[in-house]
Amino acid sequence: MKRALLASLLMVIPALTQAAPAQPHWDYEGKGAPENWGKLSTDFATCHNGKFQSPIDINNVLQAQLPPLDLVFKNTSETVVNNGHTIQVSAKSEDQFTLDGETFQLMQYHFHTPSENHINGKSYPLEAHFVHAAEDGAVAVVAVMFEVGKENSALNPILDAIPDQMNKEVSLQKKLDLRTLFPEKLDYYRFSGSLTTPPCTEGIRWLVMSDNVTLSAEQLARFQSVLKHSNNRPVQPLNGRIIAK
């Protein structure tokens, strides 16, 4: 199970391995759209049958004493790819944080426009998912919402590096300051959820920043132009889950 989850993690957004077994085509529109994911393959059944699916609308939050989020930023991003589902950046796993006594290392991060998660019913223009894994295969996703406003300089090296050719990985030539992709205060919402793409594996620890950061209207337009269509899964039922802050 843990091995399968890590394989899904690296293909969350399938594209990182040329030799990966062929999977049914899924998308955000048409026959491969989110409402049909669970019908495309038995491997995707959780997308339809799962009870703890992501994304969600974050509301009716339980106020709790969550531990501070101690993110270590070493800015070790390596490559960027447009795989037709998202813009994804790989990492060397040196950026990390500790949760529930485990160390989670950054594997990759990617972008959704508009946002997948909502906060009190509000959708954001862009959401970044920083996907982390622990040695035992546990997965945690740290999500950040973006509002349109001041330009975010950390996004420019990513946008500038995106290749015209689909599924072509290219090296990032400029060092990124990942800290500027996060709000100054690292307060967060926490809940249990799933991958937001097939196979929609559950048991993912989600941490969504309660404050947002900005990007310029031009930067947002560049993301939208490259992706060509929205790449957000609709919010899923809570089914009694607790959201803590």
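Where is the place of Asn-60? Asn-60 sits in the loop between E1 and strand E2 (77-82), where helices (H or I, at least four residues) and strands (E, at least two) are DSSP runs numbered from the N terminus.

This is a predicted model, in which local features need pLDDT of at least 70 and side-chain atom pairs count only at pLDDT 80 or more, while totals for chains, interfaces and linings use all residues. Residues are numbered from 1 along each chain as its sequence is written, and side-chain values use heavy atoms, leaving out hydrogens and water.

The chain has five helices and twelve strands. Its average pLDDT (the predictor's confidence in each residue, from 0 to 100) is 90, and 91% of the residues score at least 70. The pLDDT is below 50 over residues 11-20, a stretch with 22 contacts in the model beyond near neighbours in sequence; a contact means heavy atoms within 4.5 Å.

Buried residues (under 20% relative accessible area, with exposed over 50% and partly exposed in between; 1.4 Å probe, protein chains only) make up 53% of the 245 residues.

Most residues other than glycine have a negative phi, and most peptide bonds are trans.

| Residue | Phi | Relative accessibility |
|---|---|---|
| Asn-60 | about 50° | 74%, exposed |
| Asn-167 | about 65° | 38%, partly exposed |

Asn-167 is in the loop between helix H4 (156-161) and strand E9 (170-171).

A cis peptide bond joins Ser-54 and Pro-55, with omega about 5°. Pro-55 belongs to the loop between helix H3 (46-49) and strand E1 (57-58). Another cis bond runs from Pro-198 to Pro-199, with omega near 15°.
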